Each structure stands twice: as structure tokens, then as C-alpha cells.
Amino acid sequence: MEFNVQSLSKTFGEGRHARLVLQNINLRVRSGEFTAIVGRSGSGKSTLLRCLAGLERPSRGVIRMDGQPVTGPGPDRGLVFQNYSLYPWLNLAQNVAFGMELQGRFSRRDIRERTAYFLDVVGLGDRRKLLPRECSGGMQQRVAIARALAADPKVLLLDEPFGALDLHIRATMQEFLYRLWERTCLTAILITHDLEEALLLAQQVHVLAPNPGRISHTLAPNFDRQDLDNLRFSPSFLQQRRGLAMAMESVESCSDVPQGAS
Amino acid sequence: MITHAIRRWFSSEVLRSSAWRLGLHGTSLLLPLLLWLAVSHAQVVDPAFLPSPAQVIDSLWSMASSGILLADASASVRRVMLGFLLAAVVGVPLGILMGAFATIRALLEPLSGFLRYMPAAAFTPLLIIYLGIDEAPKIVLIAIGTVFFNMLMVMDAVKFVPRELIETTLTLGGSRRQVVAQVITRYTLPSIIDTLRINMATSWNLLVVAELLAAEVGLGKRIQLAQRFFRTEQIFADLLVLGLMGFAIDLAFRLLLRLTCRWAV
């Protein structure tokens, strides 16, 4: 599998009100890679993910999945939002099964087995009958991830999946996502504003600078990720994080300068 | 202190205790009844204008035992139900489509917003010309008076479906058709039931108007006849029956909501 973004630009509005949100984005994600795109709010990172998901159409450039241009949303690109995305009338198991039922290419038996399997994977096998509103935010996000995976996507797109969670639950969920990625042959693209999260989880980190959104840095952090909790506070990690933060700052202060009437 | 008190007044917290709530509900119904008893007993109003509760119950009993009440009530319920069903079958799907698709909304919203302000009762003469004097014009009148409210209220409810839910469905492999049928409709079901419950009252209101056109039986018709013979106790009795039936249907809708949409209540 290869997910390829070539010179993607996105403009919102037309004529005098046109606003360039993304400029000349190039990305390549291959099977089994964990990629993070990190940027502040307003850097266009969510717009980029929505383009990848097929929910927004790029103004210029192409997105290809295994050579085929992406023209709209599809089950080959699973998506996890920050919140509000579980079906409130379905219990957890039914939520996980829903995508497979929509697609109509799974047998009853497959649906049952895959639902049970992915609920187990996210550690909620014994909570299958609960309604979303009876679950914590962390549990809901785990179900959203299980549901996306059960629909058998080639790549999982995560839009600030832990942004609405409490700090300590966020750390648990980061650990969970990382181990899930290790265990399964997951290909993931994570959007986040949290530098720590990006460096901690991804093999490939792209920094999105704002106004207009463009990739300013790309790095491939290479840490020993046996113990994520300690890694967060290890000197080499903190140093890299600080370096990246400063680099981001310098890029952003440049782009604060008005660019005329473009 | 003040903010605390305000919060108490405006929140339903005060009604936590069910005894207190039942007490208020009882008062809401019993107080007017007691007042009525007192006023009619004191004979401050001519009994010809304000019959006593006993007279009304007598009248109710005699209408019930002669079979008139059942005939009237069943004729009226049938009209309301058919008109209401027609308005639901047409209005709810159109409302969902208007909410889901901007093109359909642009096509139908101005028209329904405009027609909604034409009083349904004013269609009566036309309906008689077009449909005769049978049941058809009565049922259609009730339907016309209800359908536009259904459309616009359901359309509004669709606006509250979270965008994330629709987009998630698309990325899970759902088609637009599946989004409308299995996500938007399902998510708005509680609002649809509530819309129907609220607009049921509109259908009942129109019933009496509908029965003013040549009806043989019906509660509205009976009230009209009673007025001709100055039988105020019969008017009271029929009003009571109308109110009770409406109230029972309202409760039935609330029950339906609880049974089908446990996740939303």
C-alpha cells in the first residue's frame, strides 16, 4: 500500500475572499508506517486530513491510494474524529459492526467474529452491551478506533483523537495506540497539535507551519519506545522536542509578516 | 444566594422528588375542577351557561349509554388519525430529505414556508368543491393543516445530526442513501416522534373545523348541534372527551419515545 500526496493545495472561498489554507503539500505514507502531522490550530492540519479522507476536494494536486486518485470518502481510509462520532442508539458491539454492515461484503459470521476480535483488541470485550453515553471519553475513542479498524481500511486517519481527553487518560490512550500499531500491521496518520504526542508515537513527523499551511520540517524520530512513560522525560526526547518547538516558533514568526493582498 | 435560588427555579432539580411533582401535576388538574364545583354550586353563574359537573357527567353517561358517544368518538378519531397519518407519511420523509440535501431544501422550503401561513381552515370551500362532502375533504383538511409543520420541524431536527456522524459513516463505506436511511433518520427519530406528538394537537384542532362541513357524526359535529339546542352540558361533555383523548394520545407518544429511543431519554 502506498498513500501519496502530490503538490496539494487547498483554497477556501473565491475571488477576493479566497484564502489559501494549504500550500504545496507532498507526503508519502507506506504500509505499516505511523506518520504524524503536527501543527497549531489554524495550520490547516484538519483540512489536510479531511482531504486525505476524501471529505474535502483539493484545489490543486492529487492524492493517490495505490496509484488510484482519491475522489471521495471510502472504506479504504478509516477516520477517527476527536469526538461525537459513535452512533448513540447502538451499543458498543453494534457500533463496531456498523461499518461492516454498511459495506455488505462481510458475512454475518465474519461480522460477529471481527466485532468480538476488535472489541477485545481495544480491551472492551466485556463492555459490548453498553451504550456510548454510559462510557467515558477514553472508552468511546477506543470504540471509534475499533470500529474504524473493523471496517478493514488500508490506512487509519486520526484527527486529534485524544484532544478532548484528560491528561492522564491521554497518556494511557497514547500508549494504547502505540501498542496497537506495534501489534497489528496498522498504517496510521495522526493529526495533532501536541508535539510530544507526535514525537512519542510516529516514525515520521511532518510539521505544518500556518498561513498558509505547508510542511516546514520533516523528521524521523528514532527512539527506543519500550517504555513510553519514561521516554517522555528522557533527555534526548526532551531535547528533540525543544529543538522542534523552537524551529516551529521561528517559522511561525516569519509567516506572521503580512504577505500583501494575496 | 440569589443565583442559587434562580438556579433552583429554572432547573428541574426541584422536581427530583416524585411526590412533589405528582402533587403539582394533581393541583394543575384538580384546582380548576374544584373551582368549577364551587362556582356552579354557589350558582353565581346561570346554570344554562355553566352546567355543574354533575350535569356534565349525566350528559356524558346518557350519550355513552345511547351509543352516540362511541359513534362520535370513533368517527372523529378515524378522521384525525387518517389526516394525521397522511401528514406524517408525506411530511416526515420530505422533512428528512430537506434537512439532508440542500437542493431539496432550496426547492421546497420557500413553498412550504409560504403555504404554512395559509390557514388550513380557509381551504375548506375549495376542498368541498374538489372532493365533495364525504370524508375525503375532512381528512385532507387535517392533513394540509399538519403536513407543513411536520416538514419544517423535521427538517430543523436534521440540522442537529452531528457532521462527524455523517462523515464517519461515509468513511466506513456507507453510501449517501445509507447515511439518510440509517444514520440521519435514526438519529432524528426521537425528534420525529416529538414533532408528531406536538403536531397531533394541530390535527385535533382542525378536526372540529373539518366537522363543521357537512358531517353526520363526530365530536365536533355534536358540539355544533348542542349549541343549536343550547345544551351547554353536552358541549362541556364533548370538550372533556376531546381533551382526554388528546391527552391520552400525547401520553402514548411519550411512551413510544421511551420504548423506542431509550438512548435519547
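Predicted model: local features only at pLDDT ≥ 70, side-chain atom pairs only at ≥ 80, totals over all residues.
**Conventions.** I number residues from 1 along each chain as its sequence is written, and letter chains from A in the order in which they are written. Local features need pLDDT of at least 70 and side-chain atom pairs count only at pLDDT 80 or more, while totals for chains, interfaces and linings use all residues; side-chain values use heavy atoms, without hydrogens or water.

**Fold.** I looked up the secondary structure of chain B and found 11 helices and zero strands, with helices taken as DSSP runs of H or I of at least four residues and strands as E runs of at least two. Along the principal axes, the C-alpha atoms of chain B fill a box of roughly 70 × 65 × 30 Å.

**Domains.** I noted domain 1 (2-42) and domain 2 (53-264) in chain B; such bounds come from an automatic or database domain assignment. Their centres, taken over C-alpha atoms, are 29 Å apart.

**Burial.** I find that 39% of the 265 residues of chain B count as buried, meaning under 20% relative accessible area with a 1.4 Å probe and protein chains only.

**Interface.** I listed 21 residues of chain B in contact with 25 residues of chain A, where contact means heavy atoms within 4.5 Å. About 2000 Å² is buried between the two chains, 66% of it from carbon and sulfur atoms; this is the accessible area (1.4 Å probe) lost on putting the parts together, summed over both. Thr171(B), Leu172(B) and Trp263(B) supply 36% of the area that chain B buries against chain A, more than any other three residues.

Conventions:
Buried < 20%, exposed > 50% of the residue type's maximum accessible area, 1.4 Å probe, protein only.
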